[in-house]
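Visitor: I would like to learn how to read a protein model. Please show me the structure, then take me through a few features.

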Amino acid sequence: MRTVDILLFVVFPYVSVALAVLVGLYRYFFDRFSFSSFSSQFLENRALFFGSAPWHYALLIILAAHIAGMFTGFWSRFIAPPSRLYPLEAFGAALGLSSVVTLGVLFVRRLLNPRIRKVTTLPDWLLVIVLMLQLAVGVYVALFYRWGSLWYMYTAVPWMISLAKFQPAIQYVTSLPWIIKLHYLGGFLLLAIFPFTRLVHVVVFPITYLWRPYQVVIWNIRRRFAPAR
Amino acid sequence: MDVRAQVSMVFHLDKCIGCHTCSIACKNIWTDRKGTEYHWWNNVETKPGTGFPTLWEDQEKYRGGWERDPRTGKVRLKLQGKLGTLTNIFYNPYLPRIDDYYEPWTYDYENLFNAPLSDDQPTARPISMVTGEYIDTVEAGPNWDDDLGGSPVYADNDPNLKNLSPEERRSMQELGNLVFFYLPRICNHCLNPGCVAACPAGAIYKRGEDGIVLISQEKCRAWRMCISGCPYKKVYFNWFTGKSEKCILCYPRLETGQPPACFHACVGRIRYLGLILYDADRITWAISQPDEYLVEAQRSVILDPFDPEVIRNAKANGITDLMIEYAQRSPVYKFFKLWKLALPLHPEFRTLPMLFYVPPMQPVQAVQRNGVYETVDAGQEGLAPMLAALEKNRTPIKYLASLFSAGNEQIIREVYHKLIAVRIYMRFKKVGDVTPGDVQRALQLGQTTPDECEAIWRLTSLPTFEERFVVPPLAREMAVENQFPELDPERRNYPTYRAEVGFGFRKAPERRW
């Protein structure tokens, strides 16, 4: 095992997760004000429509597929028949391409619209560039190293499981082509920069809205005076 | 009966002179920060007009407030359901853009000093306060439609005109017959707020003790549904911090016994503030009523603070004796519930707004004859010549009904009959040129009594500061005690640092990440 492999495939993932958790928690408890999606729709509407909504949906589906692949038992049965595997791969590649295009729309919007430029910070640029690279590499892998839905289960998944078990087994990934390795590391890079960027809005997605009552009332002094009702 | 207290308001439109002092008082205190330049938590509109933001009343455009299913009588958010909110979260199709308000700007004043010597006067070009770049043509600004009653661009596009007959619309445009009045607006601090219901993060809440609706800046995540959800467009997006902000009814002032700044600053003394008690159990019933019953339904949600049953339930709910006493003195209770003179703005949005308006008296109908401006005789009601008959109002009853009673013209008529009765009675008393018979008829028509007329007149024309603003004791100091149970006067361990208690940011509200 080369030192650089250990650094990249053992140390780096652990550091990324540690950063994501620790900085994320620090930010949540000490600077909750900054937990925002920082939507710029109010300043620019049109390009956002073609960028934001399709990008988010494409990404959510791609992400869901990546996570589903970790359940190897279910996943291997699911994609076993070629009648599922082929459309799935084609669909995945198409989604990946569209996510690159729509993120491109968002990138250009941020670059060219003077209003949006004013509400763009350095972490925003960092995030959009890393995302763009990760998506582009992912699409390249999907197109030129086909059947990733299959070999993903025998490379990245056992590697990540070994990391989770604190018994790193990097032989699953070290011999892969460099572009695939880049995609794997890109994922952890995203995790590492997540707490420093607006990406934190992912973890505060307001799912609780679905079961919350419409009206929210907060009492400051009632409990002190009122008998329990 | 779930009795709760609510700080609520009355604006007497007859007295509003449209000076915008209220707006400036608010702006100077709360919204002179970056990202809030375009916020007007208090604004004054000219009616008929398109308002601010442009066409805010058009809910087909912005989808604010609630709508009632005419078949089931059930009420739902007009914007979308809960699942719709989560699926539209990446792009809100009904969000107003900054251009629906205006792009805030300043001027390049420096050029006035630094311009090189030339044959022409130097100018101060407008500069956008968003981008910092020059704006060639400023196309909209605050109060852009100020005083433009009768204008084909602004007044004619008022959404409230859509039910008027062509003659009525024409008459409102005729030269010499033009009419407009002012409509000051702040957050209504509704009983059934659309903004609270639309916020997926649960960042917006109503304070239980006084009903003030606030946005937690810590919990707001810029999902921006509140901006659409509020039918009055009184939630503003701070484009710089990525947070929504709104009128806070100057609660730091209220908690120290002062009226809100816009109330305090009002030159025309049109504003009244007081506590009312309401029955929270009846809200769902009230908002489900058909349009024409909405005002009456809202009145029935408001409780009589003198009723022993109400007082008992209020006390059981933790409302202090002092608060009940203040609710009994409330001018809002008198105007809205007792005298039925004040009306909610656009009750058909079904948010139960707690800011009520006394509609403006109408200018006397007049025609030019042989170069003389003559008042039209009052016709059937025989209250001439000082007050034109209601049906000959320059502002059609239908228009006012569209604003204040969800189309119920009878309610508007009753309000005006009473207002007219007060005038006639007081003229009878003070000037004496009205016959007792006319007074009797006016009182009968207005369904009022001399005593009531006197009381209305007193609270309308001669109220003192303390009569206009019955600022309830919000007992905030007790709330603070509640948060610091270990406070000990012996050890004097009070929270003494600024921003330790009360409101305020302990870090600058700006982007750091």
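Visitor: What covers the buried residues of α14(B)?
Guide: First, the terms. Helices (H or I, at least four residues) and strands (E, at least two) are DSSP runs, numbered from the N terminus. A residue is buried if 20 or more other C-beta atoms lie within 10 Å of its own, exposed if 12 or fewer, and partly exposed in between, with C-beta atoms placed from the backbone. Two residues are in contact if their C-beta atoms, placed from the backbone, lie within 7 Å. Now the case: the cover over the buried residues of α14(B) includes β1, β12, α13 (308–316) and α15 of chain B.

Visitor: How should I treat the model and its numbering?
Guide: This is a predicted model: local features need pLDDT of at least 70, side-chain atom pairs count only at pLDDT 80 or more, and totals for chains, interfaces and linings use all residues. Residues are numbered from 1 along each chain as its sequence is written, while chains are lettered from A and ligands numbered from 1 in the order in which they are written.

Visitor: Which residues of α14(B) are buried?
Guide: They are B:Met323, B:Ile324, B:Tyr326 and B:Ala327. Seen down the axis of α14(B), these fall within an arc of 160 degrees, so they line one face of the helix. That arc is taken from the directions from the helix axis to the C-beta atoms. The face turned away from the buried side carries the exposed residues B:Asp321 and B:Leu322.

Visitor: Where does α14(B) lie?
Guide: Helix α14 (residues 321–328) lies across β1 (3–12) and β12 (271–279) of chain B, at about 120 degrees to β12(B). Helix α15 (residues 331–338) of chain B lies across β1, β12, β13 and β15, at about 70 degrees to β12(B). Axes are lines fitted to C-alpha atoms, for helices over the stretch in contact, and angles run from 0 to 180 degrees between N-to-C directions.

Visitor: How do I read a sheet?
Guide: Strands of a sheet pair through backbone hydrogen bonds, either parallel or antiparallel. Two strands count as paired if DSSP finds at least two bridges between them. In chain B, 5 strands form an open sheet in the order β13-β12-β1-β15-β14, with mixed pairing. Its edge strands are β13 (302–303) and β14 (343–344), and each pairs on one side only.

Visitor: How many bridges join β15(B) to β1(B)?
Guide: There are 4, and the two strands run parallel. There, B:Met9 stands opposite B:Leu355. β14(B) pairs with β15 (residues 355–358) in the antiparallel sense over 2 bridges. In that pair, B:Leu343 has B:Tyr357 as its bridge partner, and B:Pro344 has B:Phe356.

Visitor: Which sides of β15(B) are covered?
Guide: In a regular strand the side chains alternate between the two faces of the sheet. Here both faces of β15(B) are covered. B:Leu355 and B:Tyr357 are buried on one side, B:Phe356 and B:Val358 on the other.

Visitor: Which residues have the most contacts inside the largest nonpolar core?
Guide: In soluble globular proteins, nonpolar side chains tend to be buried together. A nonpolar core is a set of buried Ala, Val, Leu, Ile, Met, Phe, Trp, Tyr and Cys residues joined through C-beta atoms within 7 Å. The largest has 139 residues, and B:Val10, B:Phe335 and B:Phe356 have the most contacts inside it. Helix α17 (residues 409–430) of chain B gives the largest share, 12 residues. Among the residues that B:Phe335 touches are B:Val10, B:Tyr272 and B:Phe356.

Notes: Lists of a residue's contacts leave out its neighbours within four places in sequence.
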